[in-house]
Amino acid sequence: MSTVWLRVFLDVARHGSFTVAARTLGWTQSAVSRQISALEAALGGSPLFDRLPRGVRLTEAGQVLVPHAEAVVERLRGAGRELAALREAAGGLLRVGAFATADAGLLPRAIAAFRARHPAVRLTRHQDFTPVLLDLLGAGRLDLAVVSTTGRAPLDAYSLHHLLDESLYVAVPAGHPLAAQPSVRLPQLADADWIAGSPRPEGTLLDAALRHGFRPRVAHVVAEWTAKQGFVAAGLGVTLIPALAAESVRPDIALLPVLDEAAPARSVYAATVRGRSLTPAARAFLAALGEAAARIPG
């Protein structure tokens with residue numbers, strides 16, 4: 001049975017007229033009539049329409065056929081949509097944003113896996129703080145952003161795809177008295193000089209120190225992670241390093257896991273705009289992010 005017959009049948013049923021259906025399809029009325037006659041013959045010869053002086057009306061057999069024809073045509077349309085989505089994922093533009101430490105290991109791994117599967121997609125990347133990334137996402141300038149709960153950014157307005165709960169490490173000089181310890185609690189470093197990206201701990205990783213009842217003394221404000229490690233190696237203080245950046249630590253400093261029973265230091269999510277459909281490329285990149293996150297030490 002030809003699916004073309006079913007489409008023509010539904011058009012005639014919808015309009016109640018061979019003439020109007022022919023005009024809609026861009027066919028002649030005789031061509032429409034031949035398609036319906038062929039369908040009726042394939043179904044055993046029962047008429048599907050009563051031919052009236054003005055238009056046509058579904059017979060009982062025609063009424064029975066309508067839902068089946070609609071189901072077949074809709075399944076074919078669905079197949080077409082899915083195939084079009086596959087073609088779209090194979091090309092186009094994907095705009096991704098991430099905060100700095102996500103660029104240390106998570107993003108490179110995800111991008112490498114994504115490009116291997118979808119080499120025709122042009123991917124652009126923007127690095128910024130989570131609040132800025134969320135603004136860009138809401139303004140339609142990013143398709144997806146990797147964000148964190150550091151700084152208590154307002155995440156409620158977005159669809160969040162959990163990637164990992166990230167632990168913290170304290171980086172100390174190799175000769176520090178605590179360097180040989182298997183782990184550390186932050187209050188043990190309450191009197192230390194700290195190296196941080198901001199002079200105030202609020203809204204940074206050092207929020208964890210405030211939860212433990214002490215205000216860390218920020219001796220040096222250093223924004224970049226590699227530079228922070230240099231200050232630590234020179235004995236100028238200690239710093240917090242998240243798990244996402246732990247793989248790139250230099251050998252002349254020691255990393256001590258932070259024991260914090262209250263909660264993980266922060267959670268990391270892929271954020272998208274709530275209610276906005278994801279492109280196939282964005283869905284594919286989400287999958288690559290999930291795979292990369294599974295390889296990050298907790």
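Modeller: Here is a short tour, beginning with the ground rules. This is a predicted model, with local features needing pLDDT of at least 70, side-chain atom pairs counting only at pLDDT 80 or more, and totals for chains, interfaces and linings using all residues. Residues are numbered from 1 along each chain as its sequence is written, and side-chain values use heavy atoms, with hydrogens and water left out.

Biologist: How much space lies in the largest pocket?

Modeller: About 730 Å³. A pocket here is an open set of points on a 1 Å grid over the protein atoms alone, where a 1.4 Å probe fits, with protein on both sides within 12 Å along at least five of seven lines. The volume is the space filled by probe spheres set on the points, which are joined across faces, edges and corners.

Biologist: Which residues are closest to its centre?

Modeller: Phe-129, Thr-150, Thr-204, Trp-225 and Arg-266, out of 27 lining residues. Lining means having an atom within 4 Å of a point.

Biologist: Which elements give two or more residues to that lining?

Modeller: Helix H6 (130–138), strand S8 (193–196), helix H8 (225–233) and strand S10 (239–242). Helices (H or I, at least four residues) and strands (E, at least two) are DSSP runs, numbered from the N terminus.

Biologist: Let's take Thr-239. Buried or exposed?

Modeller: Thr-239, in strand S10, is buried, at 1% relative accessibility. Buried means under 20% relative accessible area, exposed over 50%, partly exposed in between (1.4 Å probe, protein chains only).

Biologist: What does the side chain of Thr-239 reach?

Modeller: The backbone oxygen of Ile-195, at 2.7 Å. Beyond four places in sequence, Thr-239 also has contacts (heavy atoms within 4.5 Å) that include Tyr-169, Trp-194 and Lys-228.

Biologist: Switching topic. How many salt bridges?

Modeller: The count is 11. The rule is a side-chain nitrogen of Lys or Arg within 4 Å of a carboxyl oxygen of Asp or Glu.

Biologist: What does the one between Arg-51 and Glu-40 tie together?

Modeller: The closest N and O atoms of that pair are 3.1 Å apart. Arg-51 is in strand S1 (residues 49–51) and Glu-40 in helix H3 (residues 29–42), so parts 11 residues apart in sequence are tied together. Arg-51 is partly exposed at 44%, while Glu-40 is buried at 9%.

Biologist: Which residues do shared partners join into one network?

Modeller: Glu-202 bridges to Arg-200 at 3.4 Å, N to O. Shared partners join Arg-200, Glu-202 and Arg-215 into one network.

Note on methods
A polar contact is a pair of N or O atoms within 3.5 Å; within protein, one must be able to donate a hydrogen and the other to accept it, and residues adjacent in sequence count only if both atoms are side-chain atoms.
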